[in-house]
Amino acid sequence: MEKSVKVEKVQGGQLLEGPFWDQDHKRLLCVDILGKKLISYHPEAEIVKEYVFADHVTSAVVDHSGSIFLSLRDQWVLYDEDKGITETVVSLNDLGPSMRFNDGKVDPHGRFWIGTMSEDGEQGAASLYMINKYGTLTESKKGLTISNGLAWNKAGTTMYLIDTPTEKIWSFGFCKETDSLEDGQVVFDFEGMDGSPDGMTIDENDRLWVALWGGSSVVCIDPEEGMLVDRIPMPVSNVTSCAFGGGDRKTLYITTAREGLTSEQLTQEPLAGSLFSCEMEIAGAPSRVYESVKFIGSER
């Protein structure tokens with residue numbers, strides 16, 4: 001039976017990305033990168049809150065206390081949503097004018113991984129970084145172009161990474177001590193398919209759900225078999241990312257974008273830039289929280 005999607009109250013985004021389910025607050029956090037916004041959405045109450053920044057906002061996660069950590073264009077910051085102030089944890093001031101942070105996610109050991117992307121498509125100029133609980137940054141993989149979707153299997157022994165222009169999902173051996181990625185293997189190649197792989201998440205059966213930019217769908221990939229096993233059709237072209245949420249983690253939240261569409265396409269796709277949801281039969285892996293060491297007003 002074909003899955004259907006529902007449009008949520010978050011609409012009109014330029015480039016919605018980075019959905020993260022905040023379990024303690026029963027809300028979905030996501031960002032509008034080009035709109036320079038953090039968005040907090042409570043699905044049950046249908047309450048939307050937007051926080052506008054002076055810089056691009058590319059990802060959002062929380063720690064165990066509920067504190068929000070955001071990646072901006074070249075910084076990773078702690079954000080106080082009540083006071084509207086940020087405190088810089090990591091700064092990459094040498095990124096250059098066409099390079100910025102992109103997708104980020106927490107690994108099974110509570111460390112935050114964040115990639116960069118070249119806005120002008122410079123091949124091999126981007127990297128993937130890891131930030132530990134003390135806020136120390138390690139460059140973990142060089143030679144990327146648009147570092148995008150990240151996921152880990154349930155056992156925590158495999159990490160998955162999308163570098164969008166390669167049209168591939170890569171896997172790497174992983175453990176608690178991993179701080180660099182070597183000897184990657186291709187688990188799926190999207191070459192010849194409509195759209196390019198963007199953000200992704202993983203379900204309890206270790207299957208990957210991948211948003212296709214320009215592909216009007218979210219597809220499910222079995223990385224062990226290297227096969228496409230399911231598809232969620234979308235009413236918009238540019239699908240950016242997805243994350244499982246809800247009390248039972250059986251709601252897949254899907255972000256989309258208006259960016260890159262012509263005025264004619266926008267007329268045909270009035271819901272482009274909206275947040276969608278799809279009720280699933282399988283539960284997803286939880287959105288992991290950052291294991292931070294508190295450093296406000298004290299040394300890290």
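The dialogue below goes through strands, salt bridges and nonpolar cores in a predicted model.

Biologist: Which strands make up the open sheet, and in what order do they lie?

Modeller: The sheet has 4 strands in the order β14-β15-β16-β17, and the pairing is antiparallel. At its edges are β14 (147-152) and β17 (185-189), each of which pairs on one side only. From one strand to the next, the twist averages 25°.

Biologist: How many bridges join β14 to β15?

Modeller: There are 4 bridges between β14 and β15 (residues 158-163), and the two strands run antiparallel. To see one of them, find tryptophan 152, whose bridge partner in β15 is methionine 159.

Biologist: Where do the side chains of a strand point, and which residues of β23 show it?

Modeller: In a regular strand the side chains alternate between the two faces of the sheet. In β23, Thr251, Tyr253 and Thr255 point one way, while Leu252, Ile254 and Thr256 point the other way.

Biologist: Is β23 mostly covered or mostly exposed?

Modeller: Strand β23 (residues 251-256) is mostly covered, with 6 of its 6 residues buried.

Biologist: Which strands pair with β23?

Modeller: One is β22 (residues 239-245), which pairs with β23 in the antiparallel sense over 6 bridges. Cysteine 242, for example, has isoleucine 254 of β23 as its bridge partner. These two strands form a hairpin with 5 residues between them, and glycine 246 in the turn has a positive phi of about 85°. Another is β24 (residues 275-279), joined to β23 by 5 bridges and also antiparallel. There, tyrosine 253 has serine 277 of β24 as its bridge partner.

Biologist: How many salt bridges does the structure hold?

Modeller: Side chains of opposite charge can pair when their charged atoms come close. The structure holds 10 salt bridges. One of them joins glutamate 81 to arginine 27, with the closest N and O atoms 3.1 Å apart. Glutamate 81 lies in the loop between β8 (75-80) and β9 (85-91) and arginine 27 in strand β3 (residues 27-32), so the pair ties together parts that are 54 residues apart in sequence.

Biologist: What other residues form a salt bridge?

Modeller: Lysine 37 forms one with glutamate 50, where the closest N and O atoms are 3.2 Å apart. This pair links lysine 37 in strand β4 (residues 37-42) with glutamate 50 in strand β5 (residues 47-52), 13 residues apart. Arginine 73 forms another with glutamate 119, at 2.5 Å between the closest N and O atoms. Arginine 73 is in the loop between β7 (68-72) and β8, and glutamate 119 is in the loop between β11 (112-118) and β12 (126-131), 46 residues apart. Arginine 73 is buried, with a relative accessible area of 15%, whereas glutamate 119 is partly exposed at 39%.

Biologist: Which residues have the most contacts inside the largest nonpolar core?

Modeller: They are Leu38, Leu70, Trp76 and Trp113, in a core of 45 residues. The largest share of this core, 5 residues, comes from β12. Apart from it lies another core, of 17 residues, including Ala211, Cys220, Val236 and Ala272.

Notes:
Residues are numbered from 1 along each chain as its sequence is written. This is a predicted model: local features need pLDDT of at least 70, side-chain atom pairs count only at pLDDT 80 or more; totals for chains, interfaces and linings use all residues. Side-chain values use heavy atoms; hydrogens and water are left out. Two strands pair if DSSP finds at least two bridges between them. Axes are lines fitted to C-alpha atoms, for helices over the stretch in contact, and angles run from 0 to 180 degrees between N-to-C directions. A salt bridge is a side-chain nitrogen of Lys or Arg within 4 Å of a carboxyl oxygen of Asp or Glu. Buried means under 20% relative accessible area, exposed over 50%, partly exposed in between (1.4 Å probe, protein chains only). A nonpolar core is a set of buried Ala, Val, Leu, Ile, Met, Phe, Trp, Tyr and Cys residues joined through side-chain atoms within 4.5 Å.
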